[in-house]
Amino acid sequence: MSLIEITEVRKSFGANEVLKGINIDVDPGEVIAIIGKSGSGKSTLLRCINGLELIDNGSISVAGAGLLPDELHLKALRLKVGMIFQQFNLFPHLTAGGNVVLSQMVVRKTPKAEAEAMARKMLERVGLGHKYDAFPDELSGGQQQRVAIARALAMQPIALLCDEITSALDPELVAEVLGVVRELASEGMTLLMVTHEMKFARDVCSRVVFMHQGRVHEIGKPEEVFADPKTPELKQFLGMH
Ligand code: ADP
Ligand code: MG
(Lines give C-alpha, C1' and ligand atoms only; values in the text may rest on other atoms or scores of the structure.)
(Ligands and ions follow the chains in the order given, each with its own letter.)
Protein backbone atom coordinates (compact mmCIF):
# COMPACT_ATOMS: atom_id res chain seq x y z
CA MET A 1 0.00 0.00 0.00
CA SER A 2 1.15 3.53 -0.71
CA LEU A 3 2.18 5.68 2.22
CA ILE A 4 1.12 8.92 0.55
CA GLU A 5 -1.61 9.00 -2.10
CA ILE A 6 -2.04 12.22 -4.01
CA THR A 7 -5.04 12.00 -6.30
CA GLU A 8 -6.24 14.61 -8.80
CA VAL A 9 -5.13 17.44 -6.55
CA ARG A 10 -6.03 20.92 -7.70
CA LYS A 11 -5.14 24.19 -6.06
CA SER A 12 -5.75 27.76 -7.17
CA PHE A 13 -4.74 31.11 -5.78
CA GLY A 14 -7.51 33.35 -7.04
CA ALA A 15 -7.69 32.85 -10.79
CA ASN A 16 -4.24 31.29 -10.90
CA GLU A 17 -4.52 27.49 -10.99
CA VAL A 18 -1.19 26.37 -9.60
CA LEU A 19 -1.81 22.62 -9.31
CA LYS A 20 -3.81 21.17 -12.19
CA GLY A 21 -4.64 17.61 -11.20
CA ILE A 22 -1.61 16.05 -9.53
CA ASN A 23 -1.39 12.27 -9.12
CA ILE A 24 1.53 10.71 -7.26
CA ASP A 25 1.59 7.60 -5.08
CA VAL A 26 4.55 7.30 -2.74
CA ASP A 27 5.56 3.92 -1.34
CA PRO A 28 7.02 3.60 2.17
CA GLY A 29 10.75 4.28 2.10
CA GLU A 30 10.69 5.97 -1.27
CA VAL A 31 12.86 9.01 -1.86
CA ILE A 32 11.30 11.25 -4.46
CA ALA A 33 12.98 14.25 -6.03
CA ILE A 34 10.69 16.97 -7.32
CA ILE A 35 12.30 19.11 -9.97
CA GLY A 36 11.04 21.85 -12.25
CA LYS A 37 11.27 25.54 -13.04
CA SER A 38 10.47 28.24 -10.52
CA GLY A 39 6.72 28.76 -10.37
CA SER A 40 5.81 25.25 -11.52
CA GLY A 41 4.02 24.49 -8.23
CA LYS A 42 6.61 22.43 -6.36
CA SER A 43 6.40 24.28 -3.04
CA THR A 44 2.63 24.50 -3.21
CA LEU A 45 2.45 20.73 -3.66
CA LEU A 46 4.58 20.10 -0.56
CA ARG A 47 2.58 22.65 1.41
CA CYS A 48 -0.64 20.86 0.43
CA ILE A 49 0.80 17.51 1.50
CA ASN A 50 1.49 18.70 5.02
CA GLY A 51 -1.64 20.74 5.29
CA LEU A 52 -0.15 24.22 5.20
CA GLU A 53 -2.45 24.88 2.22
CA LEU A 54 -5.96 23.62 1.67
CA ILE A 55 -6.59 21.79 -1.57
CA ASP A 56 -9.54 22.74 -3.79
CA ASN A 57 -10.12 19.33 -5.36
CA GLY A 58 -8.94 15.75 -5.23
CA SER A 59 -7.52 14.05 -2.19
CA ILE A 60 -4.34 13.49 -0.26
CA SER A 61 -4.07 10.60 2.12
CA VAL A 62 -1.15 9.89 4.38
CA ALA A 63 -0.80 6.44 5.95
CA GLY A 64 -4.38 5.65 5.11
CA ALA A 65 -5.90 8.74 6.71
CA GLY A 66 -7.64 11.03 4.25
CA LEU A 67 -7.02 14.73 4.28
CA LEU A 68 -10.23 16.58 4.86
CA PRO A 69 -10.19 20.34 4.64
CA ASP A 70 -10.85 21.10 8.26
CA GLU A 71 -8.47 22.28 10.93
CA LEU A 72 -8.58 19.10 12.99
CA HIS A 73 -7.47 16.97 10.06
CA LEU A 74 -4.84 19.45 8.99
CA LYS A 75 -3.37 19.47 12.47
CA ALA A 76 -3.28 15.67 12.53
CA LEU A 77 -1.58 15.70 9.15
CA ARG A 78 1.07 18.18 10.23
CA LEU A 79 1.91 15.88 13.11
CA LYS A 80 2.51 12.99 10.73
CA VAL A 81 4.48 14.77 8.03
CA GLY A 82 7.56 16.83 8.79
CA MET A 83 8.69 19.71 6.63
CA ILE A 84 12.02 21.47 6.27
CA PHE A 85 12.42 24.75 4.43
CA GLN A 86 15.12 26.70 2.65
CA GLN A 87 15.25 29.08 5.62
CA PHE A 88 16.01 27.21 8.83
CA ASN A 89 13.60 29.24 10.99
CA LEU A 90 15.34 28.48 14.28
CA PHE A 91 14.50 30.63 17.28
CA PRO A 92 17.63 32.77 17.74
CA HIS A 93 17.20 33.12 21.51
CA LEU A 94 17.08 29.33 22.05
CA THR A 95 19.97 26.87 21.86
CA ALA A 96 20.04 24.06 19.32
CA GLY A 97 18.70 21.74 22.00
CA GLY A 98 16.11 24.29 23.08
CA ASN A 99 14.83 24.60 19.53
CA VAL A 100 14.37 20.85 19.22
CA VAL A 101 12.75 20.64 22.66
CA LEU A 102 10.30 23.50 22.19
CA SER A 103 8.44 22.18 19.15
CA GLN A 104 7.89 18.81 20.82
CA MET A 105 6.51 20.44 23.96
CA VAL A 106 4.28 22.88 22.08
CA VAL A 107 3.00 20.66 19.30
CA ARG A 108 3.14 17.18 20.80
CA LYS A 109 2.77 18.17 24.47
CA THR A 110 5.79 16.00 25.23
CA PRO A 111 6.99 16.33 28.85
CA LYS A 112 10.20 18.36 29.14
CA ALA A 113 12.57 15.58 30.25
CA GLU A 114 11.38 13.31 27.47
CA ALA A 115 11.67 16.11 24.91
CA GLU A 116 15.23 16.82 26.05
CA ALA A 117 16.23 13.17 25.73
CA MET A 118 14.73 13.06 22.24
CA ALA A 119 16.51 16.32 21.31
CA ARG A 120 19.87 14.88 22.35
CA LYS A 121 19.22 11.72 20.37
CA MET A 122 18.17 13.58 17.22
CA LEU A 123 21.00 16.12 17.39
CA GLU A 124 23.37 13.17 17.63
CA ARG A 125 21.68 11.60 14.63
CA VAL A 126 22.51 14.67 12.51
CA GLY A 127 26.05 14.79 13.88
CA LEU A 128 25.49 17.69 16.28
CA GLY A 129 25.39 15.99 19.67
CA HIS A 130 28.18 18.33 20.83
CA LYS A 131 26.21 21.47 19.84
CA TYR A 132 23.22 20.99 22.13
CA ASP A 133 23.99 24.21 24.03
CA ALA A 134 25.07 26.31 21.05
CA PHE A 135 22.94 29.21 19.86
CA PRO A 136 22.03 29.47 16.16
CA ASP A 137 24.40 32.40 15.56
CA GLU A 138 27.26 30.21 16.81
CA LEU A 139 26.48 27.61 14.14
CA SER A 140 27.20 27.53 10.42
CA GLY A 141 24.29 27.53 7.98
CA GLY A 142 24.80 23.82 7.39
CA GLN A 143 24.71 23.14 11.11
CA GLN A 144 21.59 25.27 11.54
CA GLN A 145 19.86 23.33 8.80
CA ARG A 146 20.88 20.08 10.49
CA VAL A 147 19.29 21.38 13.72
CA ALA A 148 16.12 22.06 11.70
CA ILE A 149 16.26 18.46 10.46
CA ALA A 150 16.71 17.21 14.04
CA ARG A 151 13.72 19.31 15.08
CA ALA A 152 11.59 17.73 12.37
CA LEU A 153 12.79 14.21 13.25
CA ALA A 154 12.02 14.73 16.93
CA MET A 155 8.34 14.93 15.98
CA GLN A 156 8.67 11.33 14.73
CA PRO A 157 7.17 11.99 11.32
CA ILE A 158 6.25 9.14 9.01
CA ALA A 159 7.57 11.16 6.07
CA LEU A 160 9.72 14.24 5.57
CA LEU A 161 9.15 16.96 3.00
CA CYS A 162 12.19 19.04 2.08
CA ASP A 163 11.79 22.26 0.11
CA GLU A 164 15.13 23.32 -1.41
CA ILE A 165 16.83 22.80 1.93
CA THR A 166 20.31 23.45 0.57
CA SER A 167 19.50 26.46 -1.60
CA ALA A 168 20.35 29.08 1.03
CA LEU A 169 23.68 27.45 1.92
CA ASP A 170 27.17 28.35 0.82
CA PRO A 171 28.34 25.68 -1.63
CA GLU A 172 30.84 24.15 0.80
CA LEU A 173 28.04 23.50 3.33
CA VAL A 174 25.67 21.68 0.98
CA ALA A 175 27.34 18.27 1.27
CA GLU A 176 26.96 17.96 5.05
CA VAL A 177 23.20 18.54 4.82
CA LEU A 178 22.77 16.21 1.85
CA GLY A 179 24.84 13.65 3.77
CA VAL A 180 22.28 13.68 6.57
CA VAL A 181 19.43 13.30 4.07
CA ARG A 182 21.25 10.44 2.38
CA GLU A 183 21.60 8.70 5.73
CA LEU A 184 17.90 9.15 6.53
CA ALA A 185 17.10 7.69 3.13
CA SER A 186 19.29 4.65 3.78
CA GLU A 187 17.52 4.15 7.12
CA GLY A 188 14.21 3.91 5.28
CA MET A 189 12.72 7.37 5.84
CA THR A 190 10.18 8.35 3.20
CA LEU A 191 11.30 11.61 1.63
CA LEU A 192 9.86 14.04 -0.86
CA MET A 193 12.35 16.68 -1.75
CA VAL A 194 12.26 19.65 -4.01
CA THR A 195 15.86 20.03 -5.09
CA HIS A 196 18.24 21.49 -7.64
CA GLU A 197 20.89 18.94 -6.71
CA MET A 198 20.62 16.76 -9.80
CA LYS A 199 23.56 14.55 -8.87
CA PHE A 200 21.96 13.83 -5.50
CA ALA A 201 18.63 13.09 -7.16
CA ARG A 202 20.35 10.71 -9.55
CA ASP A 203 22.28 8.91 -6.80
CA VAL A 204 19.79 8.72 -3.96
CA CYS A 205 16.23 9.06 -5.24
CA SER A 206 14.02 6.16 -6.22
CA ARG A 207 11.94 8.36 -8.52
CA VAL A 208 12.01 11.82 -10.01
CA VAL A 209 8.95 14.00 -10.61
CA PHE A 210 9.34 16.77 -13.18
CA MET A 211 6.72 19.44 -12.67
CA HIS A 212 5.79 21.88 -15.38
CA GLN A 213 3.01 24.47 -15.21
CA GLY A 214 1.20 22.78 -12.35
CA ARG A 215 1.30 19.27 -13.77
CA VAL A 216 3.45 16.16 -13.35
CA HIS A 217 5.00 16.42 -16.78
CA GLU A 218 7.25 13.38 -16.41
CA ILE A 219 7.80 10.85 -13.64
CA GLY A 220 10.13 7.89 -13.48
CA LYS A 221 13.30 6.35 -12.16
CA PRO A 222 16.27 8.74 -12.18
CA GLU A 223 18.03 6.77 -14.89
CA GLU A 224 14.99 7.13 -17.16
CA VAL A 225 14.20 10.75 -16.40
CA PHE A 226 17.77 12.03 -16.63
CA ALA A 227 19.10 9.84 -19.41
CA ASP A 228 16.03 9.69 -21.57
CA PRO A 229 13.75 12.73 -21.10
CA LYS A 230 10.63 12.40 -23.22
CA THR A 231 9.42 15.97 -23.46
CA PRO A 232 11.07 19.10 -24.86
CA GLU A 233 10.32 20.88 -21.58
CA LEU A 234 12.33 18.38 -19.50
CA LYS A 235 15.12 18.34 -22.08
CA GLN A 236 15.33 22.10 -21.84
CA PHE A 237 15.20 22.06 -18.05
CA LEU A 238 17.98 19.49 -17.78
CA GLY A 239 20.04 21.44 -20.26
CA MET A 240 20.02 24.35 -17.88
CA HIS A 241 21.22 22.26 -14.92
P1 ADP B 1 7.75 26.61 -7.16
O2 ADP B 1 7.97 26.15 -5.75
O3 ADP B 1 7.77 25.52 -8.16
O4 ADP B 1 8.66 27.73 -7.53
P5 ADP B 1 5.28 27.68 -6.09
O6 ADP B 1 4.46 26.52 -5.66
O7 ADP B 1 5.99 28.46 -5.05
O8 ADP B 1 6.27 27.21 -7.24
O9 ADP B 1 4.35 28.70 -6.87
C10 ADP B 1 3.54 28.33 -7.96
C11 ADP B 1 2.68 29.50 -8.32
O12 ADP B 1 1.77 29.77 -7.25
C13 ADP B 1 3.40 30.81 -8.57
O14 ADP B 1 2.78 31.44 -9.65
C15 ADP B 1 3.20 31.57 -7.29
O16 ADP B 1 3.23 32.95 -7.54
C17 ADP B 1 1.84 31.11 -6.85
N18 ADP B 1 1.67 31.14 -5.38
C19 ADP B 1 2.31 30.36 -4.50
N20 ADP B 1 1.89 30.62 -3.24
C21 ADP B 1 0.96 31.59 -3.33
C22 ADP B 1 0.14 32.27 -2.38
N23 ADP B 1 0.20 32.01 -1.08
N24 ADP B 1 -0.72 33.21 -2.86
C25 ADP B 1 -0.80 33.48 -4.18
N26 ADP B 1 -0.07 32.86 -5.12
C27 ADP B 1 0.80 31.92 -4.72
MG1 MG C 1 9.43 26.64 -4.36
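# Helix packing, sheet order and ligand shell

Biologist: In this predicted model, α3 passes α4 in a right-handed crossing. At what angle do these two helices pack, and how far apart are their axes?

Modeller: Helix α3 covers residues 96-108 and helix α4 covers residues 112-125. They pack at an angle of about 130°, and their axes are 8 Å apart.

Biologist: Which residues make the contact?

Modeller: On the α3 side they are Ala-96, Gly-97, Val-100, Val-101, Gln-104 and Met-105. On the α4 side they are Lys-112, Ala-115, Glu-116, Met-118, Ala-119, Met-122 and Leu-123. By class, this contact of α3 with α4 holds nine nonpolar, two polar and two charged residues.

Biologist: Moving to α3 and α5: how do their axes cross?

Modeller: The axes of α3 and α5 come within 9 Å and cross at roughly 30°. Angles under 35 degrees count as roughly parallel, which means that α3 is roughly parallel to α5. The crossing of this pair is right-handed.

Biologist: Which residues meet there?

Modeller: From α3, Ala-96, Asn-99, Val-100, Ser-103 and Gln-104 meet Val-147, Ala-150, Arg-151 and Ala-154 of α5. The residues of that contact divide into five nonpolar, three polar and one charged.

Biologist: And α4 with α5: at what angle do they cross?

Modeller: At roughly 130°, with the axes coming within 9 Å. The two helices are therefore oblique to each other, and α4 passes α5 in a right-handed crossing.

Biologist: What does each helix bring to that contact?

Modeller: Helix α4 brings Met-118, Ala-119, Met-122, Leu-123 and Arg-125, while α5 brings Ala-150, Leu-153 and Ala-154. The contact consists of seven nonpolar residues, no polar residue and one charged residue.

Biologist: Change of topic. In what order do the six strands of the open sheet lie?

Modeller: The order is β6-β7-β8-β3-β9-β10, and the pairing is mixed. The edge strands are β6 (81-84) and β10 (215-220), each of which pairs on one side only. Direction ignored, neighbouring strands of this sheet are turned by 20° against each other on average.

Biologist: Where does α5 pack on the sheet?

Modeller: Helix α5, residues 141-154, touches β6 and β7. The direction of α5 makes about 170° with that of β6.

Biologist: How many bridges join β7 to β8, and do they run parallel or antiparallel?

Modeller: Strand β7 (residues 159-163) and strand β8 (residues 190-194) run parallel and are joined by five bridges. In one of these, Ala-159 has Thr-190 of β8 as its bridge partner.

Biologist: What do β1 and β2 form, and which residue in the turn has a positive phi?

Modeller: They form a hairpin with two residues between the strands. The residue in question is Gly-14, with a phi of about 60°.

Biologist: How does β1 pair with β4?

Modeller: β1 and β4 (residues 57-62) pair in the antiparallel sense over five bridges. Ile-4 has Val-62 as its bridge partner in β4.

Biologist: Finally, ligand 1. Which residues are around it?

Modeller: The shell is made of Phe-13, Asn-16, Val-18, Gly-36, Ser-38, Gly-39, Ser-40, Gly-41, Lys-42, Ser-43 and Thr-44.

Biologist: Which elements each supply at least two residues of that shell?

Modeller: β2 (16-26) and α1 (42-49) do. Of the elements, α1 gives the most, with three residues.

Biologist: How does the shell around ligand 1 divide by class?

Modeller: There are two nonpolar residues, eight polar residues and one charged residue.

How values were computed:
Residues numbered from 1 in each chain as written. Chains lettered and ligands numbered in written order. Predicted model: local features only at pLDDT ≥ 70, side-chain atom pairs only at ≥ 80, totals over all residues. Near = placed C-beta within 6 Å. Helix = DSSP H or I, 4+ residues; strand = E, 2+ residues; numbered from the N terminus. Nonpolar A, V, L, I, M, F, W, Y, C, P; charged D, E, K, R; others polar. Pairing = 2+ DSSP bridges. Axes fitted to C-alpha atoms, helices over the stretch in contact; angles between N-to-C directions. Contact = placed C-beta atoms within 7 Å. Left-handed = near helix turned anticlockwise from the far one by under 90°. Parallel < 35°, antiparallel > 145°, perpendicular 65-115°, else oblique.
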